Amino acid sequence: MRLKSVTLAMTLSLTLATVTWQDGALAAKADSCANCHGIDGNSSSWLYPNLAGQTVDYLVTQMKLFKEQKRKNYQMNAALQVLSEQDMKEIAEFFNSQLMTRESGSPDPAVLEEGRKLLDEAKCDACHQKGYLGMSEFPRLARQKWRYLAKQMKAYRDGKRESAIMAPTVKNFTDEQINAMSQYLSRL
């Protein structure tokens, strides 16, 4: 019975992906995205961010930064070289239209509450908007992989990733505080 359910789920996923990507050329270009970020933009690994539900402007900006190698990641830098600006926009619109799923598990309610309070005190929703759904160039944080979020916040804090806004915002947070904020955001 379980095998039938898995087979049905895989078939449905592939069918939906085929229906969604009506432009075969664009599907071929975007196929490499699915290897890490999932067919519908929901990554199965914390190493790769969810793209589902992410803002179009943010996705396009990040793709351009990777393509121009202003943001370093050898996989992304190479994969984006074949995409035009129009391709990037269409891929971003596809992923924006997908529903981001929530991580599974049962985090400690006290950690989640600490994360919520820290985010409120830092006024993170001033840029990332109510519910942390993002807007324009400010990314959606709600339901993002918590370990991925923590890694990115620590990179800003430690000077490994640049941002005139994020670096000073997170500079005084401890690893534990960053982990609590990230866990809270992943559960929204």
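This is a predicted model: local features need pLDDT of at least 70, side-chain atom pairs count only at pLDDT 80 or more; totals for chains, interfaces and linings use all residues.
Next I checked where Gln144 sits. I found Gln144 in the loop between helix H7 (125-128) and helix H8 (146-157). I then followed its side chain, which reaches the backbone nitrogen of Asn50 at 2.7 Å. Leaving out residues up to four places away in sequence, I listed what Gln144 touches: Pro49, Asn50, Gln54, Met100, Glu103, Leu149, Leu185 and Ser186.

I turned to aromatic rings. How many aromatic pairs does a search of the whole structure find? I got one. The rings belong to Phe94 and Phe95, with centres 5.1 Å apart and planes at 65 degrees, so I wrote the pair down as edge-to-face. I also looked up burial for both residues. Phe94 is buried, with a relative accessible area of 8%. Phe95 counts as buried too, at 2% relative accessibility.

Last, I went through the nonpolar cores. The largest has 19 residues, and Leu119, Tyr132, Met153 and Met181 touch the most other members. I noted that helix H6 (109-122), H8, helix H9 (166-170) and helix H10 (175-186) each supply at least two residues of this core. Which helix gives the most to this core? I found H8, with five residues.

I picked out Leu119 and, setting aside neighbours within four places in sequence, recorded contacts with Cys124, Tyr132, Met181, Tyr184 and Leu185. Apart from this core I found another, of 14 residues, which include Leu59, Leu80, Met88 and Phe94.

Conventions
Residues are numbered from 1 along each chain as its sequence is written. Side-chain values use heavy atoms; hydrogens and water are left out. Helices (H or I, at least four residues) and strands (E, at least two) are DSSP runs, numbered from the N terminus. A polar contact is a pair of N or O atoms within 3.5 Å; within protein, one must be able to donate a hydrogen and the other to accept it, and residues adjacent in sequence count only if both atoms are side-chain atoms. Contact means heavy atoms within 4.5 Å. Rings of Phe, Tyr and Trp (its six-membered ring) pair if their centres lie within 6.5 Å; planes under 30 degrees apart count as stacked, over 60 as edge-to-face and the rest as tilted. Buried means under 20% relative accessible area, exposed over 50%, partly exposed in between (1.4 Å probe, protein chains only). A nonpolar core is a set of buried Ala, Val, Leu, Ile, Met, Phe, Trp, Tyr and Cys residues joined through side-chain atoms within 4.5 Å.
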